[in-house]
Amino acid sequence: MNKKYLLLLTSAIMLTVLSACGGNNANNAKNGNAEPTNTGAEATAAPTASGNGAEEIKGKIVFLTQRTDMIGKEFNDYKTRFEEKYPGVTVEFEGILDYEKNSKIRIASGKFPDVILIGPGIPNSDFPKYFAPLDDIPFSDDIRFKDLKAFEGSMYGISSGNSTVGIVYNKKAFEKAGITEVPRTLDEFYADAQKLKDAGIVPLASNFKDKWPLDAWIYDVPTMAGGVSDHQNKRADSDAPYTLDGVYGQSWSILRTMYEKGLLEKDIKSTNWEKSKKDVAQGKFGMYLLGNWVINQVIENGASTEDIGFFPFPVDNSGTAKAPLNPDWFYAVNKDGNAAAAKAFVKWMIEESGYEDFAGFIPTLKSKEPKLPQLAEFNSFNPQYIEQGPPNDTATSIQNAAQIDQGAVVQEFVLSKDPQSVLDKYNKIWAKAKKTIVK
Amino acid sequence: MLSRLPFGTQKKLIIGLFVALPLLLLLTFSYYPALELIRLSFTNWDGMSPDKEWIGLQNYKEVFSNPEIFGVFKHNIAYFVVGIVQNIAAIYFAIVLNSRLKGRYFFRLLLFLPYILNGVAVAYLFGYVFDTTEGSLNYMLGKLGLGSETSWLGTGSFVNYTLASIGFWRFMGFNMVIYLAALQSIPSDLYEAASIDGANNWQKFRFITVPNIYKIIELNLFLTVTGALEVFDLPFVLTNGGPAGASQTFVMKILDTAFQFNNYGLASAMSVVLLAGVVLVLSLQRYFLNKGRD
């Protein structure tokens, strides 16, 4: 009979241990500021020392990356080169898929790798709970997007690379359609698209079905149309953020016009993203409206570099080229981890790794020129760059409370017989949700 | 040491030990998370923040009052309808393949094989079949002169039936195998006696086969109903809920609520409602199927 009690006891202990795992983490996250643990003390002490010399930079750091395709390839090279420069440091790369969701869970648990990437999902006010301020990294030049991941004057995230959005096109396809010069106005754009269609080429690959390729129409085209990047934040002040004559209506109407004129894929409700890259590479599709990151992917799918071009999207008939500048993931450093070495690693990634060129990004260091020839072509049109501003938590909260998936809104807008009624419907949902958030 | 104990105690001890381990695993990994889910459904947790504010029944009110959330259930009707047809077809094939048909093992294997394939792989495969411009289905219909322009996955009015038909292809064989096993357990002398009494095939089916496999039909309907309520992988991979939300299912809605809109509290409430819904539908089904029996 003793055994029975012993068994009960062990099971009880096991269960409490298991449940304690969950509970402790929550406490850690809560009290992280108030009671620095040993590692925490080290981390806060490190920044003052790291300015003086490199001798503090040692130990092991782990970088949680979303580029699982680079593990065992480029990252091996990065590891050798970085460890050569900082002999006391060991770097490890851990790759996870579905980064946004999974990293969030790990950050919330309080135990996460030293260097992590953060996206738009974490409110800026939460940064001090998890991350170390990065203002003391001595970059050789001014960097872009200093204020985007900042809270109360400290910077917590550094952009790992930046991209812009414009028209990626196949030069061979343009040639075949008899287009000699890229369009500078919206009317010219429609006309050229028609020429492509007449030549048997699908003018613009929208990848409508997959929803996320429509992001450009939600975030970037409105930025170009309005000339300012805070349109998503401005929604927080309005009961009817989506109007036909506003930036969203203007942007989505362009897509709708393209659809009505048959200038998109034959059946936009059944598009195939992976295949579209091959089709653009082979010139069966003419253009993409996407970020410059897609250029390398099209080249990987069989296009030669000189056949792929990139120009700013002519959002209206004014003839001035405008382009948004968007950050990619931001590097952030765990405040309870090996912060000194992690900061050295972030600096090295930005300045020396060559990651930005590999990924086809516009460098974060302002003085560094992008290596990609298409970006040089893009810059030759002298576009006015509009930098993305910090997100506004209120607008995000309203959107989440309203459960508005803007990608689905665009889909509905384009497919609906009466676009105004679609906007009215979502404005109503927005206004209702706004009442619960803004009091 | 054990052998010194009396036999009864030994038996209890062994049984206890054997039962304790799976029970412990079940409690830790199934019941504890389920209870945690119910607890979360009363909070407004955003998935990140360490504090979870208790907001009572507000999430449940939201689930039932917001037509956007509850309305997606009508997309599941297609899966019910096709599920019923699927069961009828499964019984038909089971009876045919239970007879002395030449090559019946081959046909059984052929019909069962789709079930073994991974769901996501099946979804990708059918992505190529149903593609509008280059899909094999439209190609075949075009060759037959039946029109090759149908957007199978892009037409709101029947996209759910398109998706459900993939489920039919995939699960019919599985249902059939269960029916087959049931059919083989029916003693053949019943049929012989019926033949002597002059019963025809339909009468044999109606009065011998159906009553004997009744419990199995119930089981298969159970699987169909839960499957229809919880369908997720096909629309997730193939249409992503499109066009314009026409093929979004409740589980996809839950996923969006939690991971896209950061509302874990509401998503938990939706999961609990789904769970309750499944229990309710099944109780109703059991009630009606067992009415007038036993």
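**Close-up 1. Residues of helix α16 and helix α18 meet in chain A of this predicted model.** From α16(A), the residues in contact are A:T394, A:S397, A:I398, A:A401 and A:A402. Their partners in α18(A) are A:I429, A:W430, A:A433, A:K434, A:T436 and A:I437. Sorted by class, this contact has 7 nonpolar, 3 polar and 1 charged residues. Helix α16 of chain A spans residues 393-402, and helix α18 of chain A spans residues 419-437. The two helices pack at an angle of about 120°, and their axes are 8 Å apart. The crossing of α16(A) past α18(A) is right-handed.

**Close-up 2. Helix α8 packs with helix α10 in chain A.** Here α8 of chain A covers residues 215-226, and α10 of chain A covers residues 247-260. The angle of packing is about 115°, with the axes 8 Å apart. Because angles of 65 to 115 degrees count as roughly perpendicular, α8(A) is described as roughly perpendicular to α10(A). The two helices cross in a right-handed manner. On the side of α8(A), the contact is made by A:W217, A:V221, A:P222, A:A225 and A:G226. On the side of α10(A), A:V247, A:Y248, A:Q250, A:S251, A:W252, A:I254 and A:L255 take part. By class, the residues of this contact are 9 nonpolar and 3 polar, with no charged residues.

**Close-up 3. Chain A touches chain B.** The contact joins 29 residues of chain A to 27 residues of chain B. Three elements of chain A each give two or more residues to the side that touches chain B: α1 (2-31), α4 (99-109) and α17 (406-415). Of the side of chain A that touches chain B, α1(A) supplies the largest share, with 9 residues. The class count for the side of chain A that touches chain B is 9 nonpolar, 6 polar and 14 charged residues.

**Close-up 4. B:S165 lies in helix α8 of chain B.** This helix of chain B runs over residues 159-184. B:S165 has 18 C-beta neighbours inside 10 Å. A residue is buried at 20 or more such neighbours and exposed at 12 or fewer, so B:S165, with 18, counts as partly exposed. The view also takes in B:H75, which is 90 residues from B:S165 along the chain. The C-alpha atoms of B:S165 and B:H75 are separated by 14 Å.

Terms used
Residues are numbered from 1 along each chain as its sequence is written. Chains are lettered from A and ligands numbered from 1 in the order in which they are written. This is a predicted model: local features need pLDDT of at least 70, side-chain atom pairs count only at pLDDT 80 or more; totals for chains, interfaces and linings use all residues. Axes are lines fitted to C-alpha atoms, for helices over the stretch in contact, and angles run from 0 to 180 degrees between N-to-C directions. Helices (H or I, at least four residues) and strands (E, at least two) are DSSP runs, numbered from the N terminus. A crossing is left-handed if the near helix is turned anticlockwise from the far one by less than a right angle, and right-handed if clockwise. Two residues are in contact if their C-beta atoms, placed from the backbone, lie within 7 Å. Ala, Val, Leu, Ile, Met, Phe, Trp, Tyr, Cys and Pro count as nonpolar, Asp, Glu, Lys and Arg as charged, and the others, Gly among them, as polar. Angles under 35 degrees count as roughly parallel, over 145 as roughly antiparallel, 65 to 115 as roughly perpendicular and the rest as oblique.
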